[in-house]
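Trainee: Could we go through this structure together? I would like to begin with what surrounds a single residue.

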Amino acid sequence: MFISSQNSPPSFKDFTLVMPAVAVGNVGQLAVDLIVSTLNMSRVGYIHTDCLIPMTGNNPYATCKEDAGELHTPAEVYTAAELKMAVLQIRAPIIQTKSKKFRQLLVSWIKASGFSRTVVLSSSHAYQRDDQQLQGTPLRYLVTPSLLKVSADALKELGWKEMERVSAFPGLTDANTEPRLYIPGGGITKGLYTDSCAEDLPLAVLLLFCSEGDNIPDAFTLVNHLNNWLHLLENPSQTPNKWKIPTSWSLLFGSGIPPALF
């Protein structure tokens, strides 16, 4: 359920929605952090749901002491009206038994809001790739038939590789088993994509194969690929510092070992 933080609810009609999947390395969330921080997006509301682990914290995009104390919740919506763009940032894990319910909530909210397209930023375990997925760059995409109708030429021009279907039983060539979509470590990515296909929603998934660790380089890679499509910034690859790193990234690996322990 979307709850607006403004007096009048914002209109998302014909906006592009970008959101992360809670997946390996949190690459999607880090990429969304860069978008919100760089575009100085405004918080317009949040998703109220019992499907996410309840948590709250200080403003992750604080620019001064005055706004550092603002409270932020696990699923918040930001907009850049001039770009007709909205972002849903998810900061908490999905409760395992409520994954399907959360996907249904997202699909119904996306449909009701009138977004022109949705882009899910995600990731998948690099060590579980099959032989064909080892070729080329670590970027893969998926697109629903509804979005493919209007974006086929743009995606072809970008030259990205579509996520390969893999054998259900690696090493066995049984004619009766069709290749399947498999996104290990991708959280709700596969379910949200298949739900969107069934609901005829215009949705794309951009994902990177990666490993757990320092995933900041992966986030920059993913957001640059997204920018090649949506043109949020001009030539960021030539001047990589154009992406603004949020203040909260200084605490990605904690705030150090408290001296009091010793």
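**Contacts of one residue**

Mentor: Leaving aside residues up to four places away in sequence, L106 touches M19, L88, I188 and L192, where contact means heavy atoms within 4.5 Å. Please note that this is a predicted model, in which local features need pLDDT of at least 70 and side-chain atom pairs count only at pLDDT 80 or more, while totals for chains, interfaces and linings use all residues. Residues are numbered from 1 along each chain as its sequence is written, and side-chain values use heavy atoms, with hydrogens and water left out.

Trainee: Where does L106 lie?

Mentor: L106 belongs to helix α3, residues 99–113. Helices (H or I, at least four residues) and strands (E, at least two) are DSSP runs, numbered from the N terminus.

Trainee: Is L106 buried or exposed?

Mentor: L106 is buried, as its relative accessible area is 0%. Buried means under 20% relative accessible area, exposed over 50%, and partly exposed in between, using a 1.4 Å probe and protein chains only.

Trainee: M19 was one of the contacts of L106. Which way does M19 point from β2?

Mentor: M19 and L17 point one way from β2, and T16, V18 and P20 the other way; all are buried. Strand β2 covers residues 16–20, and five of its five residues are buried.

Trainee: Which strands pair with β2?

Mentor: One is β5 (residues 85–90), which pairs with β2 in the parallel sense over three bridges; there, T16 stands opposite M85. Another is β6 (residues 117–125), which runs parallel to β2 and is joined to it by five bridges. P20 has L121 of β6 as its bridge partner. Two strands pair if DSSP finds at least two bridges between them.

Trainee: In what sense do β1 and β3 pair?

Mentor: Strand β1 (residues 2–4) and strand β3 (residues 42–47) pair in the antiparallel sense, over three bridges. F2 stands opposite I47 there. In turn, β3 pairs with β4 (residues 75–80), also in the antiparallel sense, over four bridges, and Y46 has E76 as its partner in β4.

Trainee: Let us change topic. What do the buried residues of α6 pack against?

Mentor: They pack against β2, α1 (27–38), β6, β7 (139–143), α4 (145–158) and β8 (203–210). The buried residues of α6 include F220, L226 and W229. Helix α6 (residues 216–230) has 15 residues and reaches 21 Å from its first C-alpha to its last, close to the 21 Å expected at 1.5 Å a residue. That expected span is 1.5 Å times one less than the number of residues.

Trainee: Which residue follows α6?

Mentor: H231 follows α6, and its phi is positive, near 55 degrees. Most residues other than glycine have a negative phi. N26 also has a positive phi, of about 55 degrees, although it is not a glycine. N26 is found in the loop between β2 and α1 and is partly exposed, with a relative accessible area of 38%.

Trainee: One last topic: what lines the largest cavity?

Mentor: The lining residues include S124, H125, R129, Y182 and F209. By class, the lining has five nonpolar, four polar and one charged residues. Ala, Val, Leu, Ile, Met, Phe, Trp, Tyr, Cys and Pro count as nonpolar, Asp, Glu, Lys and Arg as charged, and the others, Gly among them, as polar. On a 1 Å grid over the protein atoms alone, a cavity is a set of points where a 1.4 Å probe fits but cannot get out, and lining residues have an atom within 4 Å of a point.

Note on methods
1 Å grid on protein atoms, 1.4 Å probe; cavity = no way out; pocket = protein on both sides within 12 Å on 5 of 7 lines; lining within 4 Å.
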